[in-house]
Amino acid sequence: MFSRLRSDIQCILDRDPAARSKWEVLTCYPGLHAIVLHRGAHWLWQRELRWLARFLSQFARWMTGIEIHPGAVIGRGVFIDHGMGVVIGETAEVGDGCTIYQGVTLGGTSLYKGEKRHPTLGRNVVVSAGAKVLGGFTVGDDAKVGSNAVVIKPVPPGATAVGIPARIIQAEDTARREEAAAKMGFSAYGITASDDPLSQAMKGLIDNASAQEHQIALLWQAIEKLSSQRQAGDCVPLDAQVTEQFEKEKLTQLVGK
């Protein structure tokens with residue numbers, strides 16, 4: 001028990017720059033208190049002492065502002081930062097190394113007893129402040145849920161879920177877009193992974209500019225090829241695409257004008 005408590009304290013020290021000492025974490029971090037009390041409540045729940053388990057979880061809620069059903073499964077190294085308003089349902093499972101911020105709900109959408117109603121978080125998942133993850137699906141390892149997102153479908157490993165309802169942004173898409181922006185000499189600092197319409201429109205413009213650059217390169221290659229082969233008396237068709245890819249109407253709708 002004490003070795004696990006030391007591990008819980010160390011994971012907070014590793015992830016929270018505001019934590020200055022083990023004593024401060026032990027005495028002043030409600031997320032740690034909630035998890036320690038949940039272990040006792042979960043132990044009672046597994047031994048069919050259901051009322052006592054619920055009473056202990058209600059005491060933990062009163063002490064910390066964090067409500068964890070005693071039936072929920074919480075892994076090792078879970079950090080609930082600040083924690084006020086966090087709700088974790090009965091059939092929820094939180095994997096090792098997860099980080100959960102204030103105002104998060106791991107809730108259910110079904111009213112039927114005995115079935116998996118609440119989400120499962122894989123390892124090292126980050127759920128940002130105010131997010132709601134609702135349903136009996138899985139959020140994959142190393143995934144991220146943006147602030148105030150409402151997630152109602154599975155999230156693949158390593159992906160980011162943002163918006164209401166949440167949309168899935170693959171990690172490779174974000175990396176590709178930032179690489180294209182860097183090539184154009186554009187700072188992508190302000191391009192976020194959120195569902196803000198202006199941000200989405202800017203992403204579309206970056207993608208389109210990158211595609212245009214590729215098409216221009218293909219055109220120059222075709223022109224050089226034509227020039228060299230016309231001198232030899234041959235004629236070949238251009239192999240660059242000539243159809244317009246720019247979705248002006250879609251971008252206009254995103255910015256709301």
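Which residues have the most contacts inside the largest nonpolar core? They are Ile88, Ile100, Leu106, Leu121 and Val151, and the core has 31 residues. By nonpolar core I mean a set of buried Ala, Val, Leu, Ile, Met, Phe, Trp, Tyr and Cys residues joined through side-chain atoms within 4.5 Å. Buried is under 20% relative accessible area, exposed is over 50%, and partly exposed is in between, with a 1.4 Å probe and protein chains only. Apart from that core lies another, of 8 residues, with Ile9, Ile12, Tyr29 and Leu32 among them.

Some ground rules. This is a predicted model, in which local features need pLDDT of at least 70 and side-chain atom pairs count only at pLDDT 80 or more, while totals for chains, interfaces and linings use all residues. Residues are numbered from 1 along each chain as its sequence is written, and side-chain values use heavy atoms, with hydrogens and water left out.

Now the overall counts. The protein chain has 7 helices and 15 strands; these are DSSP runs numbered from the N terminus, helices being H or I with at least four residues and strands E with at least two. Of its 257 residues, 38% are buried.

On to the sheet. It is open, with 5 strands in the order β1-β4-β7-β10-β13, and the pairing is parallel. The edges are β1 and β13 (150-151), each with a single partner strand, so one side of each has no neighbour in the sheet. Two strands count as paired if DSSP finds at least two bridges between them. β1 and β4 (residues 87-88) pair over 2 bridges, and Glu67 has Val87 as its bridge partner in β4.

Back to Ile88. Leaving out residues up to four places away in sequence, Ile88 touches Glu67, Ile68, His69, Ala72, Ile74, Ile100 and Leu106, where a contact means heavy atoms within 4.5 Å.

His69 is in the loop between β1 and β2. It counts as buried because its relative accessibility is 14%.

Finally, the backbone. Most residues other than glycine have a negative phi, and most peptide bonds are trans. Glu48, in the loop between α3 and α4, has a positive phi of about 65 degrees. Glu48 is exposed, at 56% relative accessible area. Asn124, in the loop between β8 (120-121) and β9 (126-127), has a positive phi near 60 degrees. Asn124 counts as partly exposed, because its relative accessibility is 38%. A cis peptide bond joins Ile164 and Pro165, with omega about -15 degrees.
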